[in-house]
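This briefing is meant for someone meeting the structure for the first time. Please look over the sequence and the model, and then follow the topics below.

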Amino acid sequence: YAESDGQIAKLERPACDEPLATGKGEKEASGRVHFKFVSVRKRLIDPDNVSVKWLLDCCRRIGLVAGDEHDKVTIETAQRKAEKGEEEHTIIEITKP
């Protein structure tokens, strides 16, 4: 049990959905961007279960791409079995025009 000194703790600011660099990412990410997501897994899953929506949303939020609309990005997904001793991970390849 610790005694309070009467001060109120300052909390970290809340998470938000805005890009880290407003405007800058939009200028740099002009044109159609191609994303290739490769899921490396110990057990392969059905191809329709390889979901990359949250990864693409993260790329959009940090300014790598101006938006995820059909005229701004193309998306390719693939998966491969992890080799012995290899950890599961996702490889993201980004090709800008």
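In this predicted model, the buried residues of helix α2 are Leu55, Leu56, Asp57 and Cys59, and what covers them includes the strands β1, β2 and β3. Helix α2 spans residues 53-61, while β2 covers residues 73-81 and β3 covers residues 89-95.

**The chain as a whole**

- The protein chain has two helices and three strands, and, read from the N terminus on, these elements follow the order α-β-α-β-β.
- Of the 97 residues in the protein chain, 21% are buried.
- When contacts between residues at least 6 apart in sequence are considered, 82% of them join residues that are at least 24 apart.
- The protein chain exposes about 8000 Å², and carbon and sulfur atoms supply 50% of that area.

**The nonpolar core**

- The largest nonpolar core has 10 residues, namely Val33, Phe35, Phe37, Val50, Val52, Leu55, Leu56, Cys59, Val65 and Val73, and both β1 and α2 supply at least two residues each to this core.
- In soluble globular proteins, nonpolar side chains tend to be buried together.

**The aromatic pair and its surroundings**

- A search of the whole structure finds one aromatic pair, and this pair is formed by Phe35 and Phe37, which are stacked with 5.8 Å from centre to centre and 5° between the planes.
- Phe35 counts as buried because its relative accessible area is 0%, and Phe37 is likewise buried, with a relative accessible area of 1%.
- Leaving aside residues up to four places away in sequence, Phe35 touches Leu56, Cys59, Val65, Val73, Thr74, Ile75, Glu76, Ile92, Glu93 and Ile94.

**Ser39 in strand β1**

- Is Ser39 buried or exposed? Its relative accessible area is 11%, which is under 20%, and therefore Ser39 counts as buried.
- Ser39 lies in strand β1, which runs over residues 33-41.
- Ser39 touches Val50, Ala78, Gln79, Arg80, His89 and Thr90, with residues up to four places away in sequence left out of the list.

- Ile62, Leu64, Ile92 and Ile94 form a nonpolar patch on the surface, and together they have about 300 Å² of accessible area.
- Ile62 is placed in the loop between α2 and β2, and, with 48% relative accessibility, Ile62 counts as partly exposed.
- Gly63 follows α2 and has a positive phi, near 90°.

**Salt bridges**

- How many salt bridges does the structure hold? There are four of them, and the pairs described here are among these.
- The side chains of Asp57 and Lys53 meet in a salt bridge of 3.1 Å, taken from N to O, and because these residues are four apart in helix α2, about one helical turn separates them.
- An α-helix has 3.6 residues a turn, so residues three or four places apart point the same way.
- Arg60 forms a salt bridge with Asp68, in which the closest N and O atoms are 3.9 Å apart; Arg60 is partly exposed at 27%, and Asp68 is partly exposed at 30%.
- Glu69 and Lys72 are joined through their side chains in a salt bridge of 3.2 Å, N to O; Glu69 is partly exposed, with a relative accessible area of 37%, and Lys72 is partly exposed, with a relative accessible area of 30%.

Terms used. Residues are numbered from 1 along each chain as its sequence is written. This is a predicted model: local features need pLDDT of at least 70, side-chain atom pairs count only at pLDDT 80 or more; totals for chains, interfaces and linings use all residues. Side-chain values use heavy atoms; hydrogens and water are left out. Buried means under 20% relative accessible area, exposed over 50%, partly exposed in between (1.4 Å probe, protein chains only). Contact means heavy atoms within 4.5 Å. Rings of Phe, Tyr and Trp (its six-membered ring) pair if their centres lie within 6.5 Å; planes under 30 degrees apart count as stacked, over 60 as edge-to-face and the rest as tilted. A nonpolar core is a set of buried Ala, Val, Leu, Ile, Met, Phe, Trp, Tyr and Cys residues joined through side-chain atoms within 4.5 Å. Patches are made of residues with over 30% relative accessible area and no salt bridge: like charges are joined within 9 Å, nonpolar side chains (Val, Leu, Ile, Met, Phe, Trp, Tyr) within 5 Å. Accessible areas come from the Shrake-Rupley method with a 1.4 Å probe; for residues, only the protein chains shown count as cover. A salt bridge is a side-chain nitrogen of Lys or Arg within 4 Å of a carboxyl oxygen of Asp or Glu.
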